[in-house]
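Reader: I would like to learn how to read aromatic pairs and nonpolar cores in a model. Please take me through some cases.

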Amino acid sequence: MSDVADISMPHAEAAPRREGLARGWFRFRQSRLSMVGAALTFVVLFFAVFGMMLAPYPEHVAGGIETGLRFLPPSWAHPFGTNELGQDVLSLTMAGTTVSVLAGFGVVLIGTLIGTVMGGIAGFAGGWLDEILMRFTDLTLTIPSLILAMAIAAALGPGFENMVLAISLSWWPGYARLVRGEVIGAREEVYVTAARAIGASPTRVLFRHILPNCVSPIIVKMSLDMGFAILTVAGLGFIGIGVRPPTPEWGTMLSNARSYMPDIWWTAMAPGTAMFLTVVGFNLLGDGLRDILDPKGRR
Amino acid sequence: MLLFLVRRILLLIPVIIGLTIIMFAIARLLPGDPVGLAAGPNATQVEREALAQEFGLDRPVWGQYATYVTGLMQGDLGRSLLTRRPVAADIASYLPATLELVFAAMAIAIVVGVPLGLLTAIWRNRWPDYLSQVVAIGAISMPRFFLGLLLQLVFAMWLLWLPLGGRLPIVVMPPPFVTGFITVDALIAGDFSTFVTALKHLAMPAIALSLSPLATIMRMMRSSSIEVMAQDYVMTARALGLPRRKILTRAIARNAFSATLTVIGLYFGWLLGGTVLVETVFDWPGLGLYATKAIVSQDMMPVIGVALVIGLIFVMANLLIDLAYGLINPKVRYA
Amino acid sequence: MTPDLTSLTRRSLLALAGAGLAAASFPARLSAQSGKILIIASNQDIPNFDPHTASGYSAAFLLRNVYDPLVRVSGNPPEAVPGLAESWQVSEDGTEYTFNLNPEATFHSGNKVTADDVVYSFTRAAGLAKGNSWMIRDIVDPGRIEAVDEGTVKFTLAMPFAAFLAVLPWQFIVEKAAVEANLGEDQGQTWLMTNVAGSGPFTVARYEPGTLYQLARAENAWQPGGGNLDGVIWQLLRETATQRLALQRGEVHIAVDLTSEDMDALEGAPGVVRIIEPEYRTFSIKMNTESGPLSDINLRKAVSYAVNYEALVEAAGYAELMVGPLPNGILGHNPDLDVPRQDLEKAKEYLAQSEHPDGGITLRMVHVTGLEQQRRFSLIMLDSLKALNIDLEIQPMAWPDMVAASASPETFPDFFPVYQTANYGDPDNIAFAAYHSASNGNWQNAVYSSPEVDALIEEGRTTIDPDARVEIYRRFQEAVVADAPDVFGVLEMRKLAMREAVENYNFTPVASNAIYCWPLSLN
């Protein structure tokens, strides 16, 4: 497989970092799309924290039902109607934000951790260890990730942790390659050579000097990946191997709603739109962050 | 060149071995009771044991793996626990549907995305450029299954313009098998009405699948065109007064497209594994639907087979792209 | 429709494309040119064609159309009607059955169906012990089936079995010579998986696994009373909503997996006939009577009185509440049985007498992953138990894991939802499988065991006189209700819908989604 040209660049040293941040913030604010992304992401995070509390029908979020009020069309009391058990779709969608954001973040975080360990070791050690770890990474990349995640999730059984774990296990290779490229680039930098010269242990060099300088590209990739991680979570839910009831989750809601189309179409609109806006938000934010943190990463 | 090819093809062998080991490890080391699922609710313990024995599931993992690899060398991908049908034959019958869908989606993405990227590069920083940037972000962010549902709702359920799903209506006999692509086979057979029918079935899933590669190709094409436009030779050509159109097609498009090609190659493999959700929405009888069904019943042989086939196609596609890269850009040398 | 494209002008091509579009939107109109083909939409793939190993309703559909049993089931209430056997005699004590084969009966190969084939088929089924053979396990001993002459076969049962004629429609007869010629090393299982050696009114014409199975009228179909069908297609449409829309658009003639919501949407749809009929398919929630908090009968009673039964019916749509353990309307069912209904006063009284008078515990309920109706019932349980200050943890599980959890009272969850389909129209079917302690450790009745109930079930299945059986099953129902081992749920109506063009359809409340197509006609 062709090696994607990895980006490595000299990073700002500690002293002018504050100034760089200020300049970056200025550039970020200049871009209207980035600001939209930041605003959307803020709204999403707001609902992720307060969605359950603000939901107009918190009892529905906890699994309460009102079978007498099934399939009500949108109204003031239920702006997105009610579902097959008489639950308020808006409430479930608001509360679903928490699950999606947490799961997406969990996936990206675990993926980053595994990837950083793999890539860090490979890039730092070099030689045959690098070769083995990277071949393994490439191999994992060739397996269709959604099918891999589905297979693991199905075998582990439904549940939030299982789902996050399953997706993470197909998510790390990108980070491994990114970190490895960064590490190889940083290894030859002056300050690393200096640290080595004064006798710092390899572990110390890796963790104190090299990895901290890989943070910006990793953050950029994480924010760009958040949206897709959330989509994958929803995809598993849509296929029916997601969270357990009564936990509200967008993909599961969409999959349930699908059976009642076209006569009852509104139950699909809220979770679908929420998903779309969340991913747009994270993607715009990621683009904006890339422009200021990792200018050369823009391709 | 020849040496390069041989080397790349030989490299496939460790890929195959690695893929099978990983998939086998997942299939066998995770919890779950595939035999119980396949044997059915009324099965006795004796029946379950017999089934496990029939499929070699009572033997140690390494023994099973050895058997699998031996079979693999003869093109045998094992048998499905649930249907007892050979996986290789199943994949052969589902693969063309997925390939047809992916090719159609890629065709839409390239035909629309490349010129659009070029145009937005020319109109850089004017409103059509901004608009298309926004639309591109939206297209990348749109969940494919939600888009699929919306398309279905509007065009198949409300307007009744397009069929709900599947490749052909059941009463229409598929054209004789040549490529496995119903659209192409219908044309080969000269059966125009079947061709149109197949095309209508293909339209919505292909569009739903094409959106994200389309947006990526467009963005890629735009940025590399901008880069190329700033190059010396384009400047020179302009200074020499070459016709604008000629510059566009000869110099810019050609050079920018070669960079975009890599993206196309990567996306091709990604799409093969990413059809799952679209196939689920549109009841498209392809590999994704096949794998999903197997996964839900923890029937692992089909899953291993699908992962292997998609992985191989992915690697091959990248090899082809590397070759194509050389054709477009003669500066590339194969080491 | 294969025009020569080279001779066409662009304009005429466009016109042709327009015509193609119009035709393609409503392909059912094309069916006129392919004969009378009935299209059935289903979401279940047909696993294999072997009549002695395949199971599930999709296989039942295929088998009952391409194979023949000795007797078939028909009518409402269901009764045995001639199949391969044109008549039969039963001995006084109910242990000897003699069947006279129809002399017209021939296999697709053209050979006559003989008593030898019948003996061979039952022996093969018993030897393989798969598919439907469990229905006659311990009842029919293959050594005691006798080919009296070419057209007569006699069964001597190990014990009287009131439901014998009710299980026979699911025991199919294969052609001995054809199977023996392709025996292989597995009793012909590999061969029969994709080949047919039967005498049924249809044969398999083509199949694409995961997409469709097409049957064609057998050339030498000998069965009397057939309709005008040239063929039948079993089309796989996974989503029930898709089935419903395909039916509305006339792309299929019958849809067999519709939900209550689909039926509502089809109300008044032009050209569509809805069939909503009670069937012997019970849904109840088993409780762990042996281990954990629910081994306390007072807590079980408290739960039984706390459940929002109204919501169960509403969520199930076209359904009625069960009255006790037996399906409403089956022989011996007592519609006046005193069963728990939601009554929070009573629930709290029982709770006060239990070991957890104030609730405050968490119980665990499992359900089959992806079964929408079970998910709904789980949420209703969660909602209902809140009134008792009891929490419910819901855990979707793959079916085999649920089966495995049934193995012992310790692994069995507190609540375990179960659908019981009567495979044959006799109370013994559900009584024995769901309440006799012989099935302990199996999913049908993992833990509940009561010597009194066991004795009544055994008496019921070996008694032949219907009036005596009604009395036995009355006592059985009262004994079970007193023990409260289940939350008795709902009987979901069978929900089918078909085009008006389908003629001569008669509903039978046994496996009615596995449609027997021979009597049907299309106009």
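This is a predicted model: local features need pLDDT of at least 70, side-chain atom pairs count only at pLDDT 80 or more; totals for chains, interfaces and linings use all residues.

Reader: Is Phe195(B) buried or exposed?

Author: Phe195(B) is buried too, at 16% relative accessibility. Both residues belong to helix α10 (residues 192–229) of chain B, where 3 residues, about one turn of the helix, separate them.

Reader: How is a pair of rings described?

Author: A pair of aromatic rings is described by two quantities, the distance of the centres and the angle of the planes. Over all chains, a search of the whole structure gives 33 aromatic pairs. One of them joins Phe192(B) and Phe195(B), with 5.9 Å centre to centre and 35 degrees between the planes, and is tilted.

Reader: Why is the pair of Phe49(C) and Tyr213(C) edge-to-face?

Author: The planes of Phe49(C) and Tyr213(C) stand at 75 degrees, with the ring centres 6.2 Å apart. Since planes over 60 degrees apart count as edge-to-face, the pair is placed in that class.

Reader: Where in the chain do Phe49(C) and Tyr213(C) lie?

Author: They lie in distant parts of the chain, 164 residues apart. Phe49(C) is in the loop between β1 (37–42) and α2 (57–66) of chain C, while Tyr213(C) is in strand β11 (residues 212–217) of chain C. Phe49(C) is buried at 2% relative accessibility, and Tyr213(C) is buried at 1%.

Reader: Which residues do ring pairs link into a cluster?

Author: The cluster consists of Trp88(C), Tyr97(C), Phe99(C), Phe122(C), Phe155(C) and Phe164(C).

Reader: Which charged end sits over the ring of Tyr419(C)?

Author: That of Arg281(C), 4.4 Å from the ring centre. In another case, Arg341(C) lies over the face of Tyr309(C), 5.2 Å from the centre of the ring.

Reader: Now the cores. Which residues touch the most other members of the largest nonpolar core?

Author: Ile210(A) and Ile91(B) do, in a core of 153 residues. Helix α12 (residues 244–282) of chain B supplies the largest share of this core, 16 residues. A second, separate core has 76 residues, among them Phe61(C), Tyr120(C), Tyr213(C) and Ala514(C).

Reader: What does Ile210(A) touch, not counting residues up to four places away in sequence?

Author: With those neighbours left out, Ile210(A) is in contact with Phe124(A), Val183(A), Ala186(A), Arg187(A), Val192(A) and Val205(A).

How values were computed
Residues are numbered from 1 along each chain as its sequence is written. Chains are lettered from A and ligands numbered from 1 in the order in which they are written. Side-chain values use heavy atoms; hydrogens and water are left out. A nonpolar core is a set of buried Ala, Val, Leu, Ile, Met, Phe, Trp, Tyr and Cys residues joined through side-chain atoms within 4.5 Å. Buried means under 20% relative accessible area, exposed over 50%, partly exposed in between (1.4 Å probe, protein chains only). Helices (H or I, at least four residues) and strands (E, at least two) are DSSP runs, numbered from the N terminus. Contact means heavy atoms within 4.5 Å. Rings of Phe, Tyr and Trp (its six-membered ring) pair if their centres lie within 6.5 Å; planes under 30 degrees apart count as stacked, over 60 as edge-to-face and the rest as tilted. A charge sits over a ring if NZ of Lys or CZ of Arg is within 6 Å of the ring centre and within 35 degrees of the ring normal.
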